[in-house]
Amino acid sequence: MIGVGRGSVYELLSRVCCSRVIPACAVQNLTTLTSCTYNDYLPFQPASLLASRQFATTSSEKYDPQGEMSAVTFHGPRTMKVSKKPKPSLQSPRDVIVKVTMSSICGSDMHPYAGRGVVLDDGITFGHEYTGVIVAVGDEIKTLKVGDRVASAFSTSCGQCYYCKHALTCRCESGARFGWIVGGKGIEGSQAEYVRVPMADSTLIPTPASVTDKEALLVGDVLPTGWFCASRGEVDRVAKDYPDDITSAAVIGCGPVGLMAILAAQAQGAQQVFALDTVQERLDLAKEFGAVPINGADRENALKVIKEGTEGRGVDCALEAVGAQPTIKLAFDIIRMGGVISSVGLHTDDEFKAFTPAEGYNKNVTYKNGRCPARHYMDELMSLVGKKYWGDPFPGNKIFSHEVSLHDEEAVQNAYVMFEKKLDNCTKVLIVP
């Protein structure tokens with residue numbers, strides 16, 4: 001199964017095709033998908049394989065690390081500025097410098113922005129979602145070169161430690177999250193003109209010419225997180241083990257990750273996907289993506305609709321993309337006996353109150369949560385997006401509702417307010433240098 005270990009694309013096709021309902025995107029793209037080779041899906045590809053594949057490059061002026069650049073900087077809760085900072089320079093032979101062509105605000109940015117959880121250092125460059133062009137490389141870089149268009153995971157990873165080799169790149173023993181510096185430890189973020197990327201060979205992947213910057217940006221964070229959420233919800237296992245049943249999933253929280261989880265659940269075999277949120281424009285997008293929209297503000301009605309749609313049982317899995325106790329409780333209430341809760345929302349609570357161990361036992365619930373190992377999934381998902389599995393253009397592009405200039409401080413500040421408060425139909429904001 002794509003997204004679970006190193007399964008081939010053919011297993012994905014066989015699973016989709018043996019379902020009662022075959023998604024239109026699968027029918028339209030059988031020829032495209034079956035042209036993929038196993039090498040297209042290796043999580044860390046050696047230089048010899050990468051050299052044989054065609055990636056987009058662009059001309060680039062020689063990079064001068066002297067001088068300053070513009071960057072979005074964090075100065076405590078709800079205090080963002082556009083500041084002048086020194087341009088980054090290579091600090092290791094495994095570094096590269098990327099000229100950022102596009103970055104974005106992520107839902108997980110809202111936690112430090114709002115003062116929840118860890119307090120980040122004052123003045124750091126914020127953000128972790130970006131795409132761009134390499135302008136400088138360290139002496140030990142083997143798979144990348146100046147001029148390559150690249151996509152990045154939200155954290156760095158070495159590709160060699162125990163966790164990287166066991167598909168948990170987000171917990172790399174020497175990795176770090178972009179835009180996350182506490183007590184002087186960490187690396188600067190990507191909402192800037194340039195970003196330094198440590199361990200670049202195993203953190204970045206080249207962007208094919210068939211993939212746009214917007215699509216490449218999604219491949220670095222929200223798409224793999226949605227895919228990870230569906231994979232951990234065991235959508236594929238249920239679809240495979242019980243092909244005569246209608247495999248059902250419910251996505252709770254239809255922000256960018258939740259919307260990607262809808263596409264992922266369908267691709268992995270879910271024939272019935274419910275989408276719960278309280279924001280109408282997000283529910284409208286969920287409906288466009290093929291889900292049954294439900295206003296989660298009316299809890300009793302949400303439970304009623306899901307029960308009626310699943311013969312009174314509840315869904316096979318709940319994909320929770322918020323990271324809050326009430327939404328986990330809702331997930332618990334809407335799954336069937338023996339169901340799975342897969343939670344990928346960033347949690348900041350110190351205690352678990354959504355359901356008790358006794359309640360979990362009495363319902364035979366499986367609960368999973370944690371950070372997505374985005375880099376592990378990126379090669380697979382970049383290939384699917386590049387081969388137009390979901391269509392052309394990628395439907396996920398619709399989540400970008402607003403775009404602001406990096407050089408307009410007021411616009412950037414307003415974008416954070418708008419995104420946090422869900423104003424002006426805001427679903428996701430691009431920041432463009």
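**Cavities, helix packing and backbone features of the predicted model**

Across the whole structure, a search finds 2 cavities of 30 Å³ or more. The structure is a predicted model, in which local features need pLDDT of at least 70 and side-chain atom pairs count only at pLDDT 80 or more, while totals for chains, interfaces and linings use all residues. Residues are numbered from 1 along each chain as its sequence is written, and side-chain values use heavy atoms, with hydrogens and water left out. A cavity is a set of points, on a 1 Å grid over the protein atoms alone, where a 1.4 Å probe fits but cannot get out; lining residues have an atom within 4 Å of a point. Grid points are joined across faces, edges and corners, and a volume is the space filled by probe spheres set on the points.

The second largest cavity has a volume of about 30 Å³. Its lining consists of A153, F154, S155, T169, C170, C372, P373, A374 and R375. By class, this lining holds 6 nonpolar, 2 polar and 1 charged residues (Ala, Val, Leu, Ile, Met, Phe, Trp, Tyr, Cys and Pro count as nonpolar, Asp, Glu, Lys and Arg as charged, and the others, Gly among them, as polar).

The protein chain has 16 helices and 17 strands, taken as DSSP runs numbered from the N terminus (helices: H or I, at least four residues; strands: E, at least two). Of its 433 residues, 58% count as buried, where buried means under 20% relative accessible area, exposed over 50%, and partly exposed in between (1.4 Å probe, protein chains only). Of the contacts in the protein chain with a separation of 6 or more, 73% are between residues 24 or more positions apart; contact means heavy atoms within 4.5 Å.

The axes of helix α8 (residues 222–232) and helix α15 (residues 374–386) come within 9 Å and cross at roughly 105°. Axes are lines fitted to C-alpha atoms, for helices over the stretch in contact, and angles run from 0 to 180 degrees between N-to-C directions. The helices α8 and α15 are therefore roughly perpendicular to each other (65 to 115 degrees).

Helix α8 is largely enclosed by the rest of the structure, because 10 of its 11 residues are buried. Just after α8, E234 takes a positive phi of about 65°. Helix α13 (residues 325–334) is also largely enclosed, since 8 of its 10 residues are buried; among them are I328, L330 and F332.

G339 lies in strand β14 (residues 335–343) and is buried, with a relative accessible area of 0%. Not counting residues up to four places away in sequence, G339 touches D316, N364, V365 and T366. G339 and V365 are 26 residues apart in sequence, and their C-alpha atoms are 5.5 Å apart.

N364 lies in the loop between α14 (357–362) and β15 (366–369). N364 is exposed, with a relative accessible area of 57%, and has a positive phi of about 55° although it is not a glycine. D424, in the loop between α16 (409–421) and β17 (429–432), has a positive phi near 55° and is exposed, with a relative accessible area of 54%. A cis peptide bond, with omega about 5°, joins D392 and P393; P393 lies in the loop between α15 and β16 (402–405).

Note on methods: Parallel < 35°, antiparallel > 145°, perpendicular 65-115°, else oblique. 1 Å grid on protein atoms, 1.4 Å probe; cavity = no way out; pocket = protein on both sides within 12 Å on 5 of 7 lines; lining within 4 Å.
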